[in-house]
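User: Hi! I am new to reading protein models. Could you walk me through some features, one at a time?

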Amino acid sequence: MVAKAVRTGAWASRIGERSTASWIRCLAVASLVLVAVAIVLEISQLGRLIAPLPAETAAITLLGLAGLAAVASNRAIMTLASRLEMLSWALDSAPDAQLIVAADDRIHYANRAFRDLLPGPAESPLDRVRQALCPDVESEAQFRRLRGRAAAGVSATAILALSEASTAYPGHLKIRIDPITGYPGFSYWSIQDVSASQRSEAALREERNVLAALLDNAPIGFYSVDDAGRFRFVNRTLAQWLGSTTSELLTGGVRLGDFLASPPAAGTPAWNPFRAQTAGVQRGEVMLKTRQGRIVPAWIAQNVAESGAELHTRSIVCDLTPEREWKTALRSFERFRRCFANAPVGIALVDRSGRFEEVNRAVGELFGATPQYLKGRQLIELLNAKDRDRIATKLAAAADGQADPEPVEVRPMRPGDKTLVLFLGRLDDPEDGALRGDIGTGNTRAEAGEGLTLHFIDVTEQKNLEIQFAQSQKMQAIGQLAGGVAHDFNNLLTAMIGFCDLLLLRSPPSDPSFSDIMQIKQNANRAANLVRQLLAFSRQQTLQPRVLNITDILYELRHLIERLIGEHIDLDVVHGRDLGLVKVDQGQFEQVIINLAVNARDAMPRGGTLTIRTANVHQDRQLRRGHESMPAGDYVLIEMTDTGVGIPKENLARIFDPFFSTKQVGSGTGLGLSTVYGIVKQTGGFVFASSAQGQGAVFQIYLPRCEPADAAQAARSDTGEVAAVKDLTGHGTIMLVEDDDPVRIFGARALRNKGYKVIEARSGEAALDLIRNTAETINLLITDVVMPHMDGPGLVREVREINPEMKVIFISGYTEDAFRQRLDSDVRIEFLPKPFSLKELAAKVRDVLVAGVG
């Protein structure tokens, strides 16, 4: 009954949102009512106790009790009022807004902090609070969820934003709603202004996000692993390096060892990426392996915190790939710089005006100056005066974007004997401000504009080779012509000399025609000497080189040379000490010396001195003299110097041309020096001439020095001169193949006169047919080399198939070397050059048949 009375008396008064004093008064009245009710109830209980007492005693007892009750009630009311007032002041002094809300959403109590927070009528529904705290749909939904939880008897908390329209300043409120036990639908609200803490938390959260973003996106990796190598933390940068994601590394069950390219050594802790077990701070290079299998070189520094199950690392990872790529690029640039500096061709950068900006070493060598000297100088100032205007025009055109891709020839002012080819190209910067590198020093500078690239190639050697080639082609053409003429003449001379020999066999010396025949033969021999000179010039003569000592040859020739040059010219021969041996044809070499001696004699009509000097020469590097180039090596030098009138400069380049002569008509053939040139070149040597008008001439012959081993072998194979065969007769069957009728007729008659049976054939095909169809044994085959259709070497190959032991003699107006290359290397042959006499032919045949050489 007391509880029911309290509820009825308390809430029937509708305290609502009144002032604090009226609210206290209401509480006091309610308290008195409650006390009175309690007293009545207690007295009723007491009445049952005193009922048995006398009436007077019971009355007195009741009156005393009533007085005591009144006094106690007054004291209780005063105490309760004091406590309620203190409670009211405490609630109003609280910094947080507090209120009591009834089930009908009306505010039954609100303290001063709430009224300050949301000014307005004291008595107002909760909608005003909702409107103030719910400026948007999301906030209103959150407010409804909060009220719903409170209505369900569950405490709820939420943070809502204040709108600017409902308060003097925007902010955040933390609302906590607790249901009041025993009063269904009533709730106690505590509203706390957490704007400052929210701002602090937001600032802290922002800083935390910034720090997290910094760690996540830092250019280095961060990670932490536990004692089992499991990732406790990893930033996004490292995860991307490893080809994975942060979530996968943290929750995917992967470990640090899964990303090591090389498995750690046995006993190494799972958290240690290094091979060696070290304590404290660790650092070093580690090769990581990504999910995709790519190897990433990395540098890791870490320290280890705690121990046991609490162990964890604090690790920093640096990807060394960019550094190594940068180092590679730097090394590449350095290699390019060295390549530029040491390039065998000249490379230079010039500005639009043609001023050198960058120059490599080759350009300096081409212009006879250092690269530092050339920088800043105009290109055209360094060129030959004849080339300046032309090159200036081309530079201007190239700077305007009209560069001619064709190279141009230029000649530097110094040294003046060089010829260069210049390639011009425009160097356009990709942007106005391009980074141009000082390749020579490795420095770089930002510079706007355009320039030109120049490439210089020294073609001096090429030009000389072109001149040499043209000269060689000319000499070769003349030589082929001379060789062809000599071949035809040799056929004619063979017939003339041969038939003269046949006539002389039938004509005794007393015969009046004997002297005439001898005159014909002598003139034919003179013609043969002229043909030999033509073959010597064209390098088509047959040589029989032997290892000889030049000193011995000159000693034997000295008397002959003195007779040739006459008494009015002194001969001085200076022999070199320990002179090396050379491999030459002695007769041809003697011809060279005699021709040069005769040429010197003709240059000294009033007398003078001819000096012949020999020496060993070691050439360290290639020697260039005019258009000739002599490689390095060991040589024997034969130098012939005269004190004659000299050779004019304009004639010096032509003195070795055939039929070129400055002598009077009839005084020379023009083949003397050309023969010298041909013999020396065919021997493998070199001949150079130097002279000046009125200062005599010097001819230098360089012959390759023969190695001692080659000299010893040649000495063993040199059997000396074969004794002359007195009896030239013989017997046997000989096949003579010759397409030139006079030569064939002469040869057949000569051999028959010596006792041989001769089968004649005019062609290779005819000879082959005779050999296949004849039953007679043929002891020797004599064949011309050059014939229509089947030539001599082709015939011999066919004959060897039939009779491998057939003996063969080749006869030809060409050299032996000209056809030997067309034969098999194992074929042994004999050779008889045209023109030959009857005695030479008979001697060669007897020698082959008797010696058994096949």
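Analyst: Happy to. In the nonpolar patch, the largest share, five residues, comes from helix 14 (residues 460–506). Helices (H or I, at least four residues) and strands (E, at least two) are DSSP runs, numbered from the N terminus. This is a predicted model, where local features need pLDDT of at least 70 and side-chain atom pairs count only at pLDDT 80 or more, while totals for chains, interfaces and linings use all residues. Residues are numbered from 1 along each chain as its sequence is written, and side-chain values use heavy atoms, with hydrogens and water left out.

User: Which residues form the nonpolar patch on the surface?

Analyst: Let us begin with the rule. Patches are made of residues with over 30% relative accessible area and no salt bridge; like charges are joined within 9 Å, and nonpolar side chains (Val, Leu, Ile, Met, Phe, Trp, Tyr) within 5 Å. Accessible areas come from the Shrake-Rupley method with a 1.4 Å probe, and for residues only the protein chains shown count as cover. Here the patch is formed by Leu481, Val485, Phe489, Leu492, Met496 and Ile520, with about 540 Å² of accessible area together.

User: Is leucine 492 buried or exposed?

Analyst: Buried means under 20% relative accessible area, exposed over 50%, and partly exposed in between (1.4 Å probe, protein chains only). Leucine 492, which has its place in helix 14, is exposed because its relative accessible area is 51%.

User: How many disulfides does the structure hold?

Analyst: A disulfide is a covalent bond between the sulfur atoms of two cysteines. The test used is a pair of cysteine sulfur atoms within 2.5 Å. This structure holds zero disulfides.

User: How do I read aromatic pairs, and what does the count come to?

Analyst: A pair of aromatic rings is described by the distance of the centres and the angle of the planes. Rings of Phe, Tyr and Trp (its six-membered ring) pair if their centres lie within 6.5 Å; planes under 30 degrees apart count as stacked, over 60 as edge-to-face and the rest as tilted. By this rule the count comes to 12 aromatic pairs. One of them is the tilted pair of phenylalanine 143 and tryptophan 189, at 6.0 Å centre to centre with 50° between the planes. Phenylalanine 143 lies in helix 6 (residues 137–151) and tryptophan 189 in strand 5 (residues 187–193), so this pair ties together parts that are 46 residues apart in sequence. Both phenylalanine 143 and tryptophan 189 are buried.

User: Why is the pair of phenylalanine 231 and phenylalanine 259 edge-to-face?

Analyst: The pair is edge-to-face because the planes of its rings are at 70°, with the centres 6.3 Å apart. Phenylalanine 231 lies in strand 7 (residues 231–234), and phenylalanine 259 in the loop between helix 9 (246–251) and strand 8 (282–289), so the pair ties together parts that are 28 residues apart in sequence. Phenylalanine 231 is buried at 7% relative accessible area, and phenylalanine 259 is buried at 2%.

User: How many salt bridges are there?

Analyst: Side chains of opposite charge can pair when their charged atoms come close. The cut-off is a side-chain nitrogen of Lys or Arg within 4 Å of a carboxyl oxygen of Asp or Glu. By this rule the count comes to 29 salt bridges. In one of them, arginine 236 pairs with aspartate 216, the closest N and O atoms being 3.8 Å apart. This pair links distant parts of the chain, with arginine 236 in helix 8 (residues 236–241) and aspartate 216 in helix 7 (residues 195–217), 20 residues apart.

User: Where do arginine 744 and aspartate 741 lie?

Analyst: They lie in helix 21 (residues 741–753), and because they are three residues apart there, about one helical turn separates them. Arginine 744 counts as buried at 8% relative accessibility, whereas aspartate 741 counts as partly exposed at 28%. A network of salt bridges links Asp741, Arg744, Arg752, Glu760 and Arg762.
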